[in-house]
Amino acid sequence: MTAVVARGQASSLAAGRLPRWSTWVTLLAAMVVSAVVFALINMGSDASDFNVAGMLVVGALLYIVTIYVLSRLSESPRHAIDRFVTALVTSAFIIAIIPLVSLLYTVVSSGIERLDAEYFSSSMRGVVGAGGGAIHAIWGTILITLAATIISVPIGLMTSIYLVEYGGRGRIAKAITFFVDVMTGIPSIVAGLFIFAMFSIFLGPGASIGIMGALSLAVLMIPVVVRSSEELLRIVPNELREAAYALGVPKWRTIVKVVLPTTIAGIMTGIMLSISRVIGETAPLLLTAGFTTSLNMNLFDGRMMTLPVFVYNQYQNQGTNPDEAVARAWAGALTLILIVMALNLAARLIARFFAPKLRG
């Protein structure tokens with residue numbers, strides 16, 4: 001068996017090709033060398049100071065250079081360039097996810113210890129030190145985000161339907177597209193200031209209620225929903241529409257029964273992107289919904305706390321026990337991530353349920 005393996009390796013090298021395992025061995029060797037170098041640099045310091053991210057980046061760069069040199073020596077220049085580009089793209093992907101992995105690890109490790117029964121069952125009313133929870137912020141985030149979604153999704157979806165199915169290249173459609181592009185780039189604080197100024201006319205200066213926060217988030221969500229839905233509706237083949245028209249189906253029914261079900265999965269993804277875009281906003285909610293330490297589930301009466309504002313408030317105003325306040329802030333950030341993950345899972349299930357069934 002050993003002779004067969006050796007003969008296969010020899011034939012591979014003789015044919016001018018690196019063995020299949022050479023890529024993984026080179027990558028492993030590059031990471032080991034990088035780890036040894038960083039360990040020597042870190043010698044005499046605390047083990048917690050070891051730079052894992054730097055080690056991975058240097059190891060990736062060392063792997064790119066090594067695999068290119070090995071391929072150039074044993075293979076053709078074309079294969080060497082191919083391996084170089086492949087290693088470059090793979091390494092770029094690995095480097096790009098390092099901050100994400102580091103962020104997730106930091107949030108989970110720092111916030112998991114405070115995710116207890118008290119955290120999910122009590123508010124911060126009367127709490128200035130240890131204890132307390134974020135039930136008021138969790139409910140506030142859910143209610144305000146749900147209200148913003150209910151407001152923005154129908155408006156954004158019907159706008160995209162008009163642009164694709166009815167507007168064509170008319171002046172109104174061009175004007176709507178222009179203003180949607182402008183709204184996509186506005187800072188979130190501008191949306192909060194707009195809603196705050198509008199409600200100050202009717203309710204007086206300093207008004208802060210939950211529905212104001214929902215409207216400010218809806219202003220930010222609408223252009224994202226419009227843009228994502230518009231692009232998806234445009235890629236629906238015209239043959240599907242023409243087949244429905246040939247059967248005498250009205251245009252509105254063709255849109256509801258043919259066009260929208262065809263793109264439902266992508267539309268749900270766009271809606272989730274818009275929710276993820278706004279669920280972590282802090283500045284507009286500070287102006288509109290305000291903050292409170294008590295549970296308030298009425299969007300139309302009184303201030304409401306949300307998780308982003310809760311995290312900001314806990315870190316900014318640490319009270320008599322700073323360690324507990326920071327732990328609550330990390331737990332709030334972790335809760336926000338878990339809510340986004342749950343919403344993404346729900347969106348995928350909904351998209352799968354409503355997607356058109358293909359019969360083989």
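This is a predicted model: local features need pLDDT of at least 70, side-chain atom pairs count only at pLDDT 80 or more; totals for chains, interfaces and linings use all residues.
Local features are reported at pLDDT of at least 70 and side-chain atom pairs at pLDDT 80 or more, while totals for chains, interfaces and linings use all residues. Residues are numbered from 1 along each chain as its sequence is written, and side-chain values use heavy atoms, without hydrogens and water.

Helices are DSSP runs (H or I, at least four residues), numbered from the N terminus. Helix α5 covers residues 135-167. Its 33 residues should span 48 Å at 1.5 Å a residue, and the end C-alpha atoms, 45 Å apart, agree with this. The expected span is 1.5 Å times one less than the number of residues. A kink of about 25° lies at S152, shortly before the proline P154. The bend is the angle between axes fitted to the seven residues ending at a residue and the seven starting there. Just after α5, G168 adopts a positive phi of about 65°.

I267 sits in helix α11 (residues 264-278). Its relative accessible area is 4%, so I267 is buried. Beyond neighbours within four places in sequence, I267 contacts L157, S229, L232 and L260. Contact means heavy atoms within 4.5 Å. T288 belongs to helix α12 (residues 283-288). T288 has a relative accessible area of 0% and is therefore buried. Residues up to four places away aside, its contacts include G192, F196, M212 and S216.

V36, in helix α2 (residues 22-41), is partly exposed at 44% relative accessibility. With L28, V32, L40 and M43, V36 forms a nonpolar surface patch of about 510 Å² accessible area together. Such patches join nonpolar side chains (Val, Leu, Ile, Met, Phe, Trp, Tyr) within 5 Å, from residues with over 30% relative accessible area and no salt bridge. Areas come from the Shrake-Rupley method with a 1.4 Å probe.

The structure holds 8 salt bridges. Each is a side-chain nitrogen of Lys or Arg within 4 Å of a carboxyl oxygen of Asp or Glu. E75 pairs with R83 at 2.9 Å between the closest N and O atoms, and both residues are buried. R227 and E230 are bridged at 2.7 Å. They are 3 residues apart in helix α8 (residues 210-234), so about one helical turn separates them. E281 forms a salt bridge with R277, also with closest N and O atoms 2.7 Å apart. E281 is buried at 14%, whereas R277 is partly exposed at 29%. Shared partners join D181, R227, E230 and R234 into one salt-bridge network.

Key:
Helices (H or I, at least four residues) and strands (E, at least two) are DSSP runs, numbered from the N terminus. Patches are made of residues with over 30% relative accessible area and no salt bridge: like charges are joined within 9 Å, nonpolar side chains (Val, Leu, Ile, Met, Phe, Trp, Tyr) within 5 Å. Buried means under 20% relative accessible area, exposed over 50%, partly exposed in between (1.4 Å probe, protein chains only).
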